[in-house]
Amino acid sequence: MPPATFRMKNRPNNSPNLIYSIGTQVVALKHVQGSNGKTVHPAGAVGVVVRSPCDRQHSYRVRFVDGFEAPLHHDNLMLLAEYKQGAINDSEKVLSTHGLFHRVIYRCVVGSRAFGLDSEESDTDRRGIYLPPAELHWSLYGVPEQLENEETEEAYWEIQKFLIMALKGNPNILECLYTPLVEFATPLARELLDMREIFLSRLVYQTYNGYVMSQFKRMQADIRNKGKVKPKHVMHLIRLLISGIHVLREGFVPVDVGPHREKLLAIKSGEMPWDEVEAWRKRLHGEFNRALEETDLPERPDYERANEFLLKARSLAVGEELP
């Protein structure tokens with residue numbers, strides 16, 4: 001399997017295009033010499049950028065505690081915050097040795113193939129959950145929120161991240177829990193699937209409806225300014241409204257679009273005129289509002305059961321076997 005991509009939080013910004021601004025505290029990575037060639041400050045000395053270059057080909061002007069200033073190239077400097085992180089900044093190197101893809105407890109297929117909107121050219125999008133080993137989770141390095149493999153169209157969320165997004169009514173996460181295309185699930189993952197209804201609440205209305213309305217406002221602006229929108233994106237927004245209505249009425253997330261397939265594909269192909277799409281969207285918003293008034297879903301999801309499940313998963317992560 002190709003090398004994984006790890007998404008971490010709270011790491012210093014070391015973008016390859018970053019230029020340190022004036023006032024930034026930096027650490028010299030080599031001895032700082034004076035005009036006579038003698039060392040004025042040793043490697044590891046802390047200074048402040050007093051002049052920044054326009055690119056990384058030119059030097060910074062750095063002032064040290066005693067007022068001495070020296071020109072230093074970007075490659076010979078490091079952010080003080082990054083320097084203090086030390087080996088923790090090598091987290092990707094550490095994580096790559098832990099085989100986190102082997103810690104996947106749930107893998108499913110979502111996207112067009114699960115929706116029933118696929119064609120011969122469609123990718124197979126795999127999503128799921130991974131449970132990091134307790135030792136790594138407790139370590140200085142922490143664990144990534146998400147594992148990605150772009151070549152195979154795979155992405156796996158760390159279990160706590162997945163649960164939090166599910167509790168917020170994230171459509172992509174809820175579809176992972178309700179897709180009929182499950183490729184792999186450990187007993188622990190099966191337990192989660194058996195309790196998936198705890199994540200459904202009236203928050204689905206705010207999450208789904210709010211996202212669709214904001215996206216359609218952007219699309220209306222695109223039509224005014226550019227005269228076009230992306231039909232595939234429009235199709236999925238309509239699909240999301242249909243799904244949200246069903247969740248509130250039936251207490252179940254429909255993944256396959258069923259009887260709406262032909263009309264949705266007509267949007268995707270551009271055959272359905274924009275005015276007709278807009279009229280359908282407005283009718284669906286009206287249905288969504290009525291579904292909210294009539295739904296039996298609770299005001300909020302079941303946070304307690306979700307937390308109990310997470311605690312159980314964390315305790316099982318101590319063992320070597322994948323639960």
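In which helix is R281 found? I looked this up to begin with, and R281 turned out to be in helix α11, residues 274-294; helices here are DSSP runs of H or I with at least four residues, strands are runs of E with at least two, and both are numbered from the N terminus.

**Entry 1: ground rules.** I noted that this is a predicted model, in which local features need pLDDT of at least 70 and side-chain atom pairs count only at pLDDT 80 or more, while totals for chains, interfaces and linings use all residues. Residues are numbered from 1 along each chain as its sequence is written, and side-chain values use heavy atoms, with hydrogens and water left out.

**Entry 2: the whole protein.** I found 12 helices and 13 strands.

Entry 3: Not counting residues up to four places away in sequence, R281 touches F216, Q220, I238 and L241.

**Entry 4: the cores.** I then looked for nonpolar cores, which are sets of buried Ala, Val, Leu, Ile, Met, Phe, Trp, Tyr and Cys residues joined through side-chain atoms within 4.5 Å. The largest has 65 residues, and I238 and I267 are among those with the most contacts inside it. Helix α9, residues 231-250, gives the most to this core, with 10 residues. A second, separate core of 13 residues includes A45, F64, A70 and L77.

**Entry 5: H41.** Is H41 buried or exposed? H41 has 13% relative accessibility, so it counts as buried, and its place is in strand β4, residues 39-41. The side chain of H41 makes a polar contact of 3.1 Å with the side chain of D66. Leaving aside neighbours within four places in sequence, H41 is in contact with H31, V32, F64, D66 and F68.

**Entry 6: helix α5.** In helix α5, residues 159-167, I listed the buried residues as I159, F162, L163, M165, A166 and L167. E158 caps the N-terminal end of α5, with a side-chain oxygen 3.0 Å from the backbone nitrogen of Q160. After α5 comes G169, which has a positive phi near 80°.

**Entry 7: charges over rings.** A charge sits over a ring if NZ of Lys or CZ of Arg is within 6 Å of the ring centre and within 35 degrees of the ring normal. I found R239 over the face of F115, 3.7 Å from the ring centre, and the charged end of K263 over the ring of W280, 4.0 Å from its centre.

Definitions and conventions. Buried means under 20% relative accessible area, exposed over 50%, partly exposed in between (1.4 Å probe, protein chains only). A polar contact is a pair of N or O atoms within 3.5 Å; within protein, one must be able to donate a hydrogen and the other to accept it, and residues adjacent in sequence count only if both atoms are side-chain atoms. Contact means heavy atoms within 4.5 Å.
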